[in-house]
Amino acid sequence: MYYNDQTVLFLDGKFVKAKDARIDLFSQTLHYGYGTFEGIRAYQTINGVKIFKAHEHFERLRKSCALINIPFHYTAEELTQISYQVLERNKLTNAYVRPLVYASPNMSLTAPKEVSVMIAAWEWGKYLGDQPLRVCVSSYQRPNPKSVHVEAKVCGHYVNSILATTEARERGFDEALMLDAKGYVAEGPGANFFFEKDGVLYTPPLGNILPGITRATVLEICHELEIPVEERLFRVEDLFDADSAFFCGTAAEVISIQSVEGQPFRKPWKSSLGAVVQEAYQCIVLDKSYSYVIV
Ligand code: PMP
């Protein structure tokens, strides 16, 4: 479960028991999804508990709020310190940290003037497991960037994600791959997408996707390890003669994709560029050097 009787979370300047924390039923976030959140991971590294890229996550939270006109009064550094305290008070080391900015009671369709900030943490295994995924192409598109700010992590956007994953599971797949409003491959419901073809990794450019912090880390790894990587638009058909593919995200980390619509990728995962990236990612989050990966 996400919490028990002892769990403590941060709520508006105080640490309170999760079981005692209350939300107003007239919160605008509950009715209209008008709120923002983050998904962050902490790891027990060789140098103690470290929240991976905390600054980047809280900066994205600040930007998400700015994009949808939600007031935000904390700095990334303050929220990082608070998150460490949440972990410490709950004796958590390897954990998922969930900040949520939610609105006060407001039934009108205008941006809230007051919001609450909550930060909770719990132990959470790899979100999509560790087995290669059988992925389908979703009938649901990612939200049109002319309708919402796709680059913001807004609560309501996740209705789209839940629809896609639910449809995928109903069709007997593990996860969905979603296209953008123009029919190009965009991302998963909660993760970014990469595929490998002839020694090059490809991923969609920013514009129709959430700018994933894991995606940025993968790009850094590629740069570091001199793995050629291109950000460009492509279609589902381009995947059918590809070598390998993976999803990446904070909760899912780096997870291989076995097939798309039943069509398997050509390379065994172990010999794919994705596997190199996956191993490097594990090293980075655990504060270990990963130069040995390419030796
Ligand atoms: N796309 C979507 C739609 C997501 O929800 C997530 C998870 N936050 C990602 C991509 C990956 O982002 P990150 O690597 O920052 O977790």
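**Cavities, pocket and ligand**

Author: A search of the whole structure finds one cavity of 30 Å³ or more. The model is predicted, so local features need pLDDT of at least 70 and side-chain atom pairs count only at pLDDT 80 or more, while totals for chains, interfaces and linings use all residues. Residues are numbered from 1 along each chain as its sequence is written, and side-chain values use heavy atoms, with hydrogens and water left out.

Reader: What is a cavity, and what is a pocket?

Author: On a 1 Å grid over the protein atoms alone, a cavity is a set of points where a 1.4 Å probe fits but cannot get out, whereas a pocket is an open set with protein on both sides within 12 Å along at least five of seven lines; lining residues have an atom within 4 Å of a point. A volume is the space filled by probe spheres set on the points, which are joined across faces, edges and corners. Here the largest cavity has a volume of about 30 Å³, and its lining includes Asp-180, Pro-204, Pro-205 and Leu-233.

Reader: How much space lies in the largest pocket, and which element gives the most to its lining?

Author: The largest pocket holds about 620 Å³ of space, and its lining has 30 residues, with Tyr-127, Lys-153, Tyr-158, Pro-189 and Gly-190 nearest its centre. Helices (H or I, at least four residues) and strands (E, at least two) are DSSP runs, numbered from the N terminus. Helix H4 gives the most to this lining, with five residues.

Reader: Where does the ligand sit, and which residues are closest?

Author: A molecule sits in a pocket if more than half of its atoms lie within 2 Å of the grid points, and the ligand sits in the largest pocket. A residue is near a molecule if one of its heavy atoms lies within 4 Å of it; 17 residues surround the ligand, the closest being Tyr-158, Glu-187, Ile-213, Thr-214 and Thr-250. Helix H5 (213-225) and strand S14 (244-249) each supply at least two residues of this shell.
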